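Have the structure open while you read.

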Amino acid sequence: MSEFDEEVKQKVLEKLAQKPWSTRDLAKILKMKKREVDKICKELINEGKATYWSSGSTAYVTTVEKAEEMEAKRKEAH
């Protein structure tokens with residue numbers, strides 16, 4: 001059982017679909033506590049709706065679809 005309602009999780013998921021985010025920056029833009037955003041992102045990852053994505057030096061969280069898109073762009077660049 002999630003401690004967060006679906007509306008809040010959906011709001012986070014919509015932001016994650018826009019681009020990869022660090023949870024710190026995501027918390028700032030959503031005006032939420034970083035700890036809450038960390039927990040929501042972990043729940044979304046466990047549900048298979050989000051994933052970690054690395055730029056090579058920094059780890060971000062984004063939707064699975066956006067991560068696949070970012071990986072495709074990275075492969076095109078090489």
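## Lys 9, a lysine out of the solvent

Let's start with Lys 9, which counts as buried at 2% relative accessibility. For the record, buried means under 20% relative accessible area, exposed means over 50%, and partly exposed is anything in between, using a 1.4 Å probe and protein chains only. Before going further: this is a predicted model, where local features need pLDDT of at least 70 and side-chain atom pairs count only at pLDDT 80 or more, while totals for chains, interfaces and linings use all residues. Residues are numbered from 1 along each chain as its sequence is written, and side-chain values use heavy atoms, with hydrogens and water left out.

Lys 9 has its place in helix H1. Helices (H or I, at least four residues) and strands (E, at least two) are DSSP runs, numbered from the N terminus. So what does Lys 9 touch, leaving aside neighbours within four places in sequence? The list is Ser 2, Phe 4, Ile 40, Glu 43, Leu 44 and Glu 47, where contact means heavy atoms within 4.5 Å.

## How H1 meets H3

At what angle do H1 and H3 pack? Helix H1 (residues 6-18) and helix H3 (residues 34-46) cross at about 80 degrees, with their axes 10 Å apart. That makes H1 roughly perpendicular to H3. The axes are lines fitted to C-alpha atoms, for helices over the stretch in contact, and angles run from 0 to 180 degrees between N-to-C directions. On that scale, under 35 degrees is roughly parallel, over 145 roughly antiparallel, 65 to 115 roughly perpendicular, and the rest oblique.

From H1, the residues involved are Val 8, Lys 9, Val 12, Leu 13 and Leu 16, and they meet Ile 40, Cys 41, Glu 43 and Leu 44 of H3. Sorted by class, that contact has seven nonpolar, no polar and two charged residues. The nonpolar class is Ala, Val, Leu, Ile, Met, Phe, Trp, Tyr, Cys and Pro; Asp, Glu, Lys and Arg are charged; the others, Gly among them, are polar.

## Salt bridges

How many salt bridges does the structure hold? There are nine, each being a side-chain nitrogen of Lys or Arg within 4 Å of a carboxyl oxygen of Asp or Glu. One of them joins the side chains of Lys 9 and Glu 43, at 3.2 Å from N to O. Lys 9 lies in helix H1 and Glu 43 in helix H3, so this pair ties together parts that are 34 residues apart in sequence. Glu 43 is buried as well, with a relative accessible area of 17%.

Another salt bridge pairs the side chains of Glu 69 and Lys 66 (3.1 Å, N to O). Both sit in helix H4 (residues 64-77), three residues apart, about one turn of the helix. Glu 69 is partly exposed at 34%, whereas Lys 66 is buried at 13%.

## Two loop lysines

Lys 19 is in the loop between H1 and helix H2 (23-30), and it's partly exposed at 41%. Beyond residues up to four places away in sequence, Lys 19 touches Val 61, Thr 62 and Lys 66.

Lys 31 lies in the loop between H2 and H3. Is Lys 31 buried or exposed? At 76% relative accessibility, it counts as exposed. Its backbone is worth a look too: Lys 31 has a positive phi of about 55 degrees although it is not a glycine. Most residues other than glycine have a negative phi.
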